[in-house]
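Please look over the sequence and structure shown below.

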Amino acid sequence: MTEQQRYDYVVAGAGSAGCVMANRLVRAGHRVLLLEAGPHDRLKFVHIPATFVRVIGTERSWVYETEPQAGANGRKMFVPQGRMTGGSSSINAMVYIRGAAADYDEWAAAGCTGWGWSQVLPAFKRAESNTRLSAPFHGIDGPLRVSDTRHRHPLSLAFLKGAQEVGLKYNEDFNGASQEGVGFYQTTTIDGRRGSTAATYLAAVGGDSRLRVVNGAHVLRVLIKDGVATGVDYRLSNGQIATAIAEREVVLTAGALSTPKLLQVSGVGPAALLQKLGVPVHKDLPGVGENYQDHLEIIAHGKCREPISLFGQDKGLTALRHGIQWQLFKTGLLTSNVVECGGFVDTLGSGRPDLQFHVLPVLAGDVDRPMPELHGISIDPCFLRPKSRGRLMARSANAMDPADFDGGYLSEQADVDTLVRGLKLARRIMRAPSMAKVVSQELYPGPQDHFADAELEQFVRQYAKTVYHPVGTCKMGSDPMAVVDPTLRVHGIDRLRVCDASVMPTITSGNTNAPTIMIAERCADFMLAA
Ligand SMILES: Cc1cc2nc3c(=O)[nH]c(=O)nc-3n(C[C@H](O)[C@H](O)[C@H](O)COP(=O)(O)OP(=O)(O)OC[C@H]3O[C@@H](n4cnc5c(N)ncnc54)[C@H](O)[C@@H]3O)c2cc1C
């Protein structure tokens, strides 16, 4: 049986951007349908900051899989994303980073008129409620709580001191005057709990009768008639198909690994692909699914002298003690976002960091790379502005089928070279006096002091992994490969916008949650002004 409902706006995907969108549209008085393929977020492991890793691989995550990547020794790469209310903001490491001012000035110069730093900064500030920092860079009244980490692990402190010993400066605010240096990250947490966009933006309008949120609702296609988007078809978890009509606009907020597929199966994308899929061509847009970008990191692992890392803290009575402390006081280890500290380094002396560190007080592996059961630390340099590009193309006309996904990872030598430079720096920090006090030996790449560059390159190609920042597959701009214009309207289709990480023309220099929230804040402005 087909159900049909009417709303002002239909928003497809309740992730970082979708929840912002719902808040802003409902607050402006509109009737909004927010559709989310995954379940609700009411699960303790989601709200306890330190336990998000436990959610990856469950029904509350997607684990996208690439084709074998030639640049990565033929390995497949695994890219987890959130699949619940809050999307990836319900599963991420909560690091609050906006990127560099120059990122946005480059967007503007590349044809994204109105997206320069001075134009996006007010939206970052409007979104933010910072518990320590204020003007000129920070906001204090926004829905998104940005706080210092409550927990500071001894291994995080050792890294920060070691990094200073090799000459890196300490930075109190990576989102202030300069990114450069090392320090503790600020996090999207609220008094020791995760502050996803579901827990903040969406919760703020949760009781509003103009908002309807449907979980287990997989959007199948955008309905398009004579070049105008009129609504969507979606499938409920019981298999029923429903249709929702958008009297004003349809907004795709399904994330960079889903939104392009939705457009393609709806007849918006490269004409040759659409014909192969057997869907009618509403608009030949060759850029849909192209321009994929992500951040990769390579981890240097060190073994601890004493049993002080996070290893084993999630077991038995120790776990119970942490759980009770969190439940009663919202303090202690479980308030840690795990990636408590890191930093930004300009390894080429170009005047702008090209590398970011994430540091974890535990031996962190990957979906397909288990770690030995030992106490250790992971120092993860990742490149900030990759040159490699990938693509995502629907395999069939069914939006529920996985797409053909080629990450293009490490296809450009420059990206490998940046990771090799980062690995060398990570290894120097590992051997600095403050780190040597807590680390007995380097486990990977290995204990010896020197490796030839070719050996490190081979290590990078074998073990580099994603930092889970997929972007770019529906890029904003005005060139022939652009999918949306600078107000995020899909080129050539009326009443249809894309508003998520896929619109970034180039990836920002840092973690991508705050930039995605900023994009959604601005998109709501454009829609409400239309
Ligand atoms: C494990 C992990 C750690 C991360 N750590 C950080 C960090 O510390 N700091 C940071 O800034 N960034 C981090 N990120 C990245 C950041 O969270 C994302 O860039 C950001 O959340 C992207 O927002 P989005 O709105 O584009 O997509 P998402 O938040 O992923 O939202 C997309 C939503 O759409 C839903 N959806 C998809 N397809 C459909 C469909 N067909 N129908 C209905 N619903 C659909 C999905 O289930 C999802 O809920 C991390 C990401 C991950 C996965």
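## Salt bridges

In this predicted model, a network of salt bridges links R6, D8, R31 and E247. Over the whole structure, 32 salt bridges are found.

One of the salt bridges joins R54 and D314, whose closest N and O atoms are 3.6 Å apart. R54 sits in the loop between α2 (44-47) and β3 (61-65), and D314 in the loop between β18 (300-304) and α9, so this pair ties together parts that are 260 residues apart in sequence. R54 is partly exposed, with a relative accessible area of 42%. D314 is also partly exposed, its relative accessible area being 40%.

## A buried pair and an exposed pair

D103 forms a salt bridge with R352, and here the closest N and O atoms are 2.7 Å apart. Because D103 belongs to helix α3 and R352 to the loop between β19 (341-345) and β20 (355-360), the pair ties together parts that are 249 residues apart in sequence. Are these two residues buried or exposed? D103 is buried, with a relative accessible area of 2%. R352 counts as buried too, at 15% relative accessibility, because the cut-off for buried is under 20%.

Another salt bridge is formed by the side chains of K225 and D226, at 4.0 Å from N to O. Both of these residues are exposed.

## The ligand and its surroundings

There are 37 residues around the ligand, and S16, E36, S88, S258 and T512 come nearest. Which elements each supply at least two residues of the shell around the ligand? They are α1 (16-27), β2 (32-36), β4 (78-82), β12 (218-225) and α13. The largest share, three residues, comes from β4.

Polar atoms of the protein lie by the ligand at several places. A polar side-chain atom of S88 is 2.7 Å from an oxygen atom of the ligand. A37 has a backbone N or O atom 3.1 Å from a nitrogen atom of the ligand. For M94, a polar backbone atom lies 3.1 Å from an oxygen atom of the ligand. Taken alone, the ligand exposes 1000 Å², and the protein buries 98% of that.

Helix α4 covers residues 117-127, and its buried residues are W117, V120, L121, A123, F124 and A127. An α-helix has 3.6 residues a turn, so residues three or four places apart point the same way.

What do the buried residues of α4 pack against? Their partners are the helices α3 (101-109), α6 (198-204) and α13 (513-529), together with the strands β5 (128-130) and β6 (144-148).

## A nonpolar patch on the surface

L317, L320, I324, L328 and F329 make a nonpolar surface patch of about 580 Å². L328 is exposed, with a relative accessible area of 58%.

T473 is in the loop between β25 (465-466) and β26 (496-498). Its relative accessibility is 0%, and T473 counts as buried. The side chain of T473 reaches the backbone oxygen of A256 at 2.7 Å. Apart from residues up to four places away in sequence, T473 touches A256, P260, G287, V288, G289, E290, N291, Y292, V483 and S502.

S156 lies in helix α5, made of residues 154-165. It is buried, with a relative accessible area of 1%. Leaving out residues up to four places away in sequence, S156 touches F184, E340 and C341. V213 is in strand β11, residues 211-215, and counts as partly exposed at 32% relative accessibility. With residues up to four places away in sequence left out, V213 touches L34 and L202. The C-alpha atoms of V213 and E36 are separated by 7.6 Å, although the two residues are 177 residues apart along the chain. E36 is also among the residues that come nearest to the ligand.

Definitions and conventions:
Residues are numbered from 1 along each chain as its sequence is written. This is a predicted model: local features need pLDDT of at least 70, side-chain atom pairs count only at pLDDT 80 or more; totals for chains, interfaces and linings use all residues. Side-chain values use heavy atoms; hydrogens and water are left out. Patches are made of residues with over 30% relative accessible area and no salt bridge: like charges are joined within 9 Å, nonpolar side chains (Val, Leu, Ile, Met, Phe, Trp, Tyr) within 5 Å. Accessible areas come from the Shrake-Rupley method with a 1.4 Å probe; for residues, only the protein chains shown count as cover. Buried means under 20% relative accessible area, exposed over 50%, partly exposed in between (1.4 Å probe, protein chains only). Helices (H or I, at least four residues) and strands (E, at least two) are DSSP runs, numbered from the N terminus. Contact means heavy atoms within 4.5 Å. A residue is near a molecule or strand if one of its heavy atoms lies within 4 Å of it. A polar contact is a pair of N or O atoms within 3.5 Å; within protein, one must be able to donate a hydrogen and the other to accept it, and residues adjacent in sequence count only if both atoms are side-chain atoms.
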